[in-house]
Amino acid sequence: MVERFLKQTTFTSVEDYNKNLEFIIPENFNFAYDVMDVWAEEKPDGLAMLWTSDRGEEKRFSFKDLKEQTDQTAAYLQSLGIGKNDPVMLILKRHYQWWLVMLALHKIGAVAIPATHMLTKKDIVYRNTRASVKAIVCVNDEYVTSQIAAAMPDSPTVKALVAVNSDAESGRAVPEGFHNWEQEWQKAPAFVRPEHVNTNDDTMLMYFTSGTSGEPKMVAHDYLYAIGHLTTGVFWHNLHEGSLHLTVADTGWGKAVWGKFYGQWFAGATVFVFDHEKFNADILLRQIEKYRITSFCAPPTIYRFMIREDLSKYDLSSLEYCTTAGEALNPAVFDKFKEKTGIQMMEGFGQTETTMTLGTFPWMTPKPGSMGIPNAQYDIDLIKADGTPCEDGEKGEIVIRANDKSHKPYGLFKEYYRDPELTEEAWHDGLYHTGDMAWRDEDGYYWFEGRIDDVIKSSGYRIGPFEVESALMTHPAVVECAITGVPDDIRGMVVKATVVLGKEWKDKAGDDLIKELQNHVKKTTAPYKYPRIIEFVDELPKTISGKIRRVEIRQKDAEK
């Protein structure tokens, strides 16, 4: 499959990859037809997806199964009046129907808008009106359906609601006003592929950002976004036919298509899905052991909880490759995981607006805490506040060079939908500004510093929150932490640490532990970076996607 889309399919070095990565782009590319349906012809019995749940369910989908069931889903959606360019919101948790609906929407040229099940009525109204959502396909969950129903009076564009039961939930009645997937889906007429589905430039997928500050932005991607993820699955995850890959991600967020969809199926791998309500490290490790997972990807937070388990209790010998993204990786977590499993985590970096832009590839030696090097499909640089390029060792903003939006890198977003001013603010003068700060070492590896707004200026020093967080994370008392700046009359700003302690340390919270943590940071990194203020909390404020909201900590401090 990969050879259909790349002129060279194997690489042995950074230089080889940078020089020879070249895509072959079909006209009117559509992932559902040009990848998935082709697999169904060439490898009909190949295992495309293995879906399991914490309710004891298990379903196996061959590529032929997915072809037939996504055709049926496309016909069903058409019977509800959904067609080309119609925005459809998916609130399906990890139910297997998410994969069916996503591919079906691609097949009819509609626009998929994945969303989290944690949205409130206000969130749903905002998304419905901003994107002119025409239909919502959701889990038959009392909270989810009640919030959607409450949003309908203020959502005039929505014409159809569909409730999906998992097998274990089929006893719950579908609420009034919702179509019943189980009763109606099988009765759909035979699917007829539309004469014209899409061009490469059409909008295929939209994500609302998690809103670490301000209202969520609406990120629009074209059909070539899917092909941009080929490198994610084939080279960063290092997948191949026979791989069984598990990415821990909810389908409401962009990481799901990073790890459970496009790139994995370009590689011909099997996507493993564990549909669960609440994360539990022990249960997740049991899944890896039971199903013999070969490839695993999760944000560093998941690894932090995993290494606190006694890993000797689990047979993890099937694991061949592990990756991480979603937030910066603390070197202490890398080292502990390698010590316990022998596996080096390969870090990657990207945004909702992009595919993987920086990564640690199989032909590289990872440096713990580094995001890796630029993915060759992007022209990446670091720039200072005055717009000039950074030298090695200098901190700057990560930018992507894209002079012409009509000839942008494969995987870079089209625009912030219906917001040209916001698009221009982030993407101007031939550069897309990520808003993320980093520095580059002499080997070309990038090291994350934090968001531009998070950088702390204290006594003339610029302090990135991540470097202080990484130092704190090496202390056994610290489970999670967030570094922010607090206004100070003398220094301008001082460093504050908001810390979540491990259970066994909570009764020790006090002045002595504060002093111990401060001295620990002084010994681990440059002493001027140590947190002069430390606050212990039970949990950190986070977005519904799990990202720390440092802005909320700063706001609360300002109100004190």
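# Contacts and pairings in a predicted model

Visitor: How many salt bridges does a search of the whole structure find?
Guide: Welcome! Keep in mind that this is a predicted model. Searching the whole structure for salt bridges gives a total of 36.

Visitor: Let's start in helix 3. What separates Glu68 and Lys64 there, in terms of helical turns?
Guide: The side chains of these two, Glu68 and Lys64, meet in a salt bridge at 2.8 Å, N to O. Glu68 is partly exposed at 42% relative accessibility, and Lys64 is partly exposed at 38%. Because they are 4 residues apart in helix 3 (residues 63-79), the separation is about one helical turn.

Visitor: Lys134 and Asp86 also meet in a salt bridge. How far apart in sequence are the parts that this pair ties together?
Guide: Their side chains come to 3.2 Å, N to O. Lys134 sits in the loop between helix 5 (121-131) and strand 5 (135-139), while Asp86 sits in the loop between helix 3 and strand 3 (87-91), so the parts tied together are separated in sequence by 48 residues.

Visitor: Turning to the strands, which residue is the bridge partner of Lys496?
Guide: Strand 26 (residues 492-501) and strand 27 (residues 533-536) run parallel and are joined by 4 bridges. Together with helix 17 (residues 511-524), they make a right-handed β-α-β unit. Within strand 27, the partner of Lys496 is Ile533.

Visitor: Now the rings. How are the planes of Phe31 and Phe261 arranged?
Guide: A search of the whole structure finds 36 aromatic pairs. In this one, the ring centres are 5.9 Å apart and the planes meet at 35 degrees, so the pair is tilted.

Visitor: How many residues apart are Phe31 and Phe261?
Guide: Phe31 and Phe261 are both buried. Phe31 belongs to helix 2 (residues 31-42), and Phe261 to the loop between helix 10 (255-259) and helix 11 (262-266). The pair links distant parts of the chain, with a separation of 230 residues.

Visitor: Which strands hold Phe349 and Phe448?
Guide: The two rings have centres 6.5 Å apart and planes at 40 degrees, so this pair is tilted. Phe349 counts as buried at 10% relative accessibility, and Phe448 does at 17%. The pair ties together parts 99 residues apart in sequence, because Phe349 lies in strand 14 (residues 345-350) and Phe448 in strand 22 (residues 446-451).

Visitor: Finally, over which ring does the charged end of Lys508 sit?
Guide: Lys43 lies over the face of Trp39, 5.5 Å from the ring centre. For Lys508, the distance from the charged end to the ring centre is 4.5 Å, and the ring belongs to Trp505.

Notes. Residues are numbered from 1 along each chain as its sequence is written. This is a predicted model: local features need pLDDT of at least 70, side-chain atom pairs count only at pLDDT 80 or more; totals for chains, interfaces and linings use all residues. Side-chain values use heavy atoms; hydrogens and water are left out. A salt bridge is a side-chain nitrogen of Lys or Arg within 4 Å of a carboxyl oxygen of Asp or Glu. Helices (H or I, at least four residues) and strands (E, at least two) are DSSP runs, numbered from the N terminus. Buried means under 20% relative accessible area, exposed over 50%, partly exposed in between (1.4 Å probe, protein chains only). Two strands pair if DSSP finds at least two bridges between them. A crossover is right-handed if, with the strands pointing away from the viewer, the path from the first strand over the helix to the second runs clockwise. Rings of Phe, Tyr and Trp (its six-membered ring) pair if their centres lie within 6.5 Å; planes under 30 degrees apart count as stacked, over 60 as edge-to-face and the rest as tilted. A charge sits over a ring if NZ of Lys or CZ of Arg is within 6 Å of the ring centre and within 35 degrees of the ring normal.
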